[in-house]
Amino acid sequence: MLTHLYIRHFTIIDSSELEFDSGMTALTGETGAGKSILLDALALVIGARANAHSVQQGADRAEIIATFDILDNPKVGKWLQLHELDEDDECLLRRTLGKNGKSRASINDRPVSAQLLKELGAMLISIHGQHAHQTLSNSQEQRHLLDEYAPSALLDRVANSYDNWHAAEQELRKRTENANQLQQRIDLLQFQLREFDELDIGATPAIDIEKEHRWLANAEELIALGNSAVQALEKSAEPALNSAARSLEQLTRLDDNLREALDLVESAAIQSAEAASALRTRVTSLEHDDSRLAWLDEKLGKLHSLVRKHQCSIEELPAFELTMREELDQLLAPETQLDELIRERDAFAAIFDKDAEKLSRHRLKSAKKLSKVITEAMQSLNMTGGTFRVDVAVDLSVRQRTGQDQVQFMVSPNPGTSPQALSKIASGGELSRISLCIQLATIESHQVSTLIFDEVDAGIGGAVAVTVGQLLRRVGSHAQVLCVTHLPQVAAQAHQHLSVRKTTEGGKTKTSVHALNSKQTRDEIARMLGGAKVTSKSRQHAQEMLDAVVEQ
């Protein structure tokens, strides 16, 4: 729950520091005193969009710090651990906003994005505004509330099966719509592969063709150089080495240390003879074949043309050819692939339909329970005989991540009238009361520890206001409730009371927030009862209202 709030230089709040307790806390004050500013600060610290105009005039930046006790909120604790932001049993949110419009956010003094702050804030605080009935008229919001009222693992299963079906459907549609493009690709691959077939580069590696071309292109020079080398070896090198070997053989008889030199020279003589023999054989086999050279020129030219066309090296051509053949094989079997995609799509569709049917049954069952709870709540809010009904219509012709159900809230505020869609209820007071019933009926499923009600009691009064206050106090028994209200009947039900006041100092308007003691609480409720002038009778009446709450 929220335990501490610090606000500095935010709009017309110079500096304010508040401590919060569990239970229900009432926030009251004159119209225009700045109660909404306090809620705006709370919204900002849990990730709402920042606005440079929110910085107090004359200040460089605004700062809001909120501290939460998360001991009883394991979901938040796990989230903080997952993002490596955990810090004992407390959670500190900080938001600063510069006058240049730039904002910064941190969780437990570690910088985070506004989106991450918003994600965490949604698990800590739930804000219910006085215009909630406007969003409640939306069919998607109604379905969301029904699902929150009775959560189920089926929601995730339906979403996952939808994603699988949708991906297969999109792939099938893509393949079907791109049939012409696929044929163009097939034609191009077939044309390119015909060029490879004509060259038959797999029969003779391109590197061998280059080597043979290089030899033939330089055949005359190679023959001349080879013969010259053979003559040099046979006429000069071999006789010289043999003569040196004979001399060394005689020397070793006088000095055995020259044995190694003799061995080396004899070895050199043998290698020289072998080199001459190898060269003579190779030179003898060389011929200047003009026709073969012309054929190699043409083939090598075509190979280099392919290299330029496909932007690869000559050594990579075989691998490139294999890749194109594999792609062509796949594209030439479209019917088989389409059949497989259709079977896969239909299989995912069957899974989705089965999961969606289970979810529909769950929603229908939950809708009956929610209808009963809200109808009972309406009886205590001066709508005796009124009924509330949650309709769930299954549309098998559509598939969505949320299933196949259309949810609609139907209301009959008075007995004898047929239920109508919530959006068609004309009375603003009735809408406010029904909205409050819906919010209170689904509040426990929100799984947040701090609930804020911003003048949701607008348009009601008298005994109904007392009942609303009692309902909010009851909610405060299992969650922290902050309630902005103008009704003394509601404020009297609170466990704690905060007063928002606007003052003018030095020509500047400022808003301050103060925690009230029991006497101040009585006087504030007396003001709400009797206006600006507080009388002994209004104080007495206020005390009676407070005593009535204590006596319950």
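Visitor: How many helices and strands does the protein chain have?

Guide: Helices (H or I, at least four residues) and strands (E, at least two) are DSSP runs, numbered from the N terminus. In the protein chain there are 18 helices and 15 strands. The model is predicted: local features need pLDDT of at least 70 and side-chain atom pairs count only at pLDDT 80 or more, whereas totals for chains, interfaces and linings use all residues. Residues are numbered from 1 along each chain as its sequence is written, and side-chain values use heavy atoms, with hydrogens and water left out.

Visitor: What percentage of the residues of the protein chain count as buried?

Guide: Buried means under 20% relative accessible area, exposed over 50%, and partly exposed in between (1.4 Å probe, protein chains only). Of the 552 residues, 43% count as buried.

Visitor: In what order do the three strands of the open sheet stand?

Guide: Two strands pair if DSSP finds at least two bridges between them. Here the order is E9-E10-E11, with antiparallel pairing. Strand E9 (387–394) and strand E11 (420–421) are at the edges with a single partner strand each, so one side of each has no neighbour in the sheet. Strand E10 (residues 405–412) is joined to E11 by two bridges; Met 410 has Ala 421 in E11 as its bridge partner.

Visitor: Which helix lies across E9 and E10?

Guide: Axes are lines fitted to C-alpha atoms, for helices over the stretch in contact (heavy atoms within 4.5 Å). Angles run from 0 to 180 degrees between N-to-C directions. Helix H5 (residues 139–149) lies across both strands, at about 90° to E10.

Visitor: Is Glu 63 buried or exposed?

Guide: Glu 63, in strand E4 (residues 61–69), counts as buried because its relative accessibility is 11%. A polar contact is a pair of N or O atoms within 3.5 Å; within protein, one must be able to donate a hydrogen and the other to accept it, and residues adjacent in sequence count only if both atoms are side-chain atoms. The side chains of Glu 63 and Arg 94 form one of 2.7 Å. Beyond its neighbours within four places in sequence, Glu 63 contacts residues including Tyr 6, Arg 8 and Thr 96.

Visitor: What span should helix H17 have?

Guide: The expected span is 1.5 Å times one less than the number of residues. For the 13 residues of H17 (residues 518–530) this gives 18 Å, and the end C-alpha atoms are 18 Å apart, which agrees. Asn 517 caps the N-terminal end of H17, with a side-chain oxygen 3.2 Å from the backbone nitrogen of Lys 519.
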